[in-house]
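This report describes a helix packing and the surroundings of a strand. Please keep the sequence and the structure in view while reading.

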Amino acid sequence: MPTAIGPSRPPRSAVVVGAGMVGLATAWSLLNHGVEVTVVERRHPAAGASWGNAGWLSPALTLPLPEPAALRYGLRSLLSPESPVYIPPRPDPRLARFLLTFTRNCAPRRWRVLAATFATLGRQALDAYDTLAADGVAEPTRPAEPCLIAFRTAAERAAMIEELEQARAAGFTIAYEPVDGDRARALEPALGDAIGAAVELHGQRYLNPGNFVRALADAVRERGGEILERTEVSGIRDLGRGVAVTTSGGQLHADVAVVATGAWLDALVRPFGVRVPVQAGRGYSFSVPAEGAPTRPTYLAAQKVVCTPLGEGRVRVAGMMELAPVERPVDPRRIRAIIAAARPLLRGIDWAARTDTWVGARPCTPDGLPLIGPTGSPRVYVNGGHGMWGVALGPLSGRLLAEAIATGTSPAELAPLHPLR
């Protein structure tokens, strides 16, 4: 049931730090509650993980990152630059602690608890996008009917079907059907002859994430919110009756502050008692010409490679997970690994014509759950730690947190996501 949080007087003003999907969705929802909002962004809207995201709005696949299958990779694969999950070798006690806690959360019983939380969020995720559309956010979401999850063999597919059934048991609503390679190629001619089995996944959507986040920023401005670009935030102070946010352009004062800085969360929220670490799980992507590439959202699940038609003559190819420092430059071996994994399974793609090579830091927590709610200060809030699901869950996260801030009563959905857990 809802719980009371924060100061008794509803806030009249807020500073939101971060102009990705999560921060802008929070700002939008606060504006809808009548709160004056200033968004502060160190670069520009959609500059971080929101831009290079695969763009899938797929509640059926929005699952906890700590999963029993993760334990099967083994240390040797994690240290290989060609592996779908890669840890560049380095001495890092903080990462070692993160991995130890992450491993504990991969236990099947724990996964079921985490999955039930994601199921609750997933049932509302697409509705939150519909609310944004109804309120004037111009960039559309598109139905993916169906999404295709492709495999070399039916035996390879069996692990995905087991995962989908486990998700159903945890409360997910999932409509899918197994199909053979011929049916998969009839739906998606870009799939090569090596594809022998697939899953048609129904009821999902996709979008162009960069365009959507920019449209959301425009909507925030049109609603009266201010967005300060290329402005760094170095600290937040609780003044007792409000907050002071120290920026490279001077101090900002407001009743409350919301930190939505993705993989950069720790430094700003640790002084307010948030001890759940946020680790950068870096994902890679690039674009290829649409001719010869998949025309629908297509997932090569065993290879961890996603293809999403963005429009504008481009298809985004995304994949990999790399636990490495946020500012580490692009590792070209990871791009080569994506191409090497996908090339035998897709025909017609001009890999040499790729553009928009990108690496972005997805903010991962050791239990896979976002951090959404108040900190040790009743005037400082967090909305982050979504891992790979910042685009999928951002509008819902913003709506739930804004409700908690504006009304002083936290929705029940936020209880397991408390930043001080």
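## Packing of α1 against α11

In this predicted model, helix α1, which spans residues 21-32, packs against helix α11, which spans residues 390-407, at an angle of about 35 degrees and with an axis separation of 7 Å. The crossing in which α1 passes α11 is right-handed.

On the α1 side, the contact is made by Met21, Val22, Ala25, Thr26, Ser29 and Leu30, while α11 contributes Gly390, Val391, Gly394, Pro395, Gly398, Arg399, Leu401, Ala402 and Ile405. By residue class, the contact of α1 with α11 comprises nine nonpolar residues, five polar residues and one charged residue.

## Burial of strand β22

Strand β22 covers residues 380-384, and because five of its five residues are buried, the strand is largely enclosed by the rest of the structure. The burial extends to both faces of β22, with Val380, Val382 and Gly384 buried on one side and Tyr381 and Asn383 buried on the other. In general terms, side chains of a regular strand alternate between the two faces of the sheet.

## Strands paired with β22

Strand β15, made up of residues 256-259, runs parallel to β22 and is joined to it by three bridges; within this pairing, Val259 stands opposite Val382 of β22.

Strand β21, made up of residues 371-374, pairs with β22 in the antiparallel sense over four bridges, and here Ile372 lies opposite Asn383 of β22. Together, β21 and β22 form a hairpin in which five residues lie between the two strands.

Key: Residues are numbered from 1 along each chain as its sequence is written. This is a predicted model: local features need pLDDT of at least 70, side-chain atom pairs count only at pLDDT 80 or more; totals for chains, interfaces and linings use all residues. Side-chain values use heavy atoms; hydrogens and water are left out. Axes are lines fitted to C-alpha atoms, for helices over the stretch in contact, and angles run from 0 to 180 degrees between N-to-C directions. A crossing is left-handed if the near helix is turned anticlockwise from the far one by less than a right angle, and right-handed if clockwise. Contact means heavy atoms within 4.5 Å. Ala, Val, Leu, Ile, Met, Phe, Trp, Tyr, Cys and Pro count as nonpolar, Asp, Glu, Lys and Arg as charged, and the others, Gly among them, as polar. Buried means under 20% relative accessible area, exposed over 50%, partly exposed in between (1.4 Å probe, protein chains only). Two strands pair if DSSP finds at least two bridges between them.
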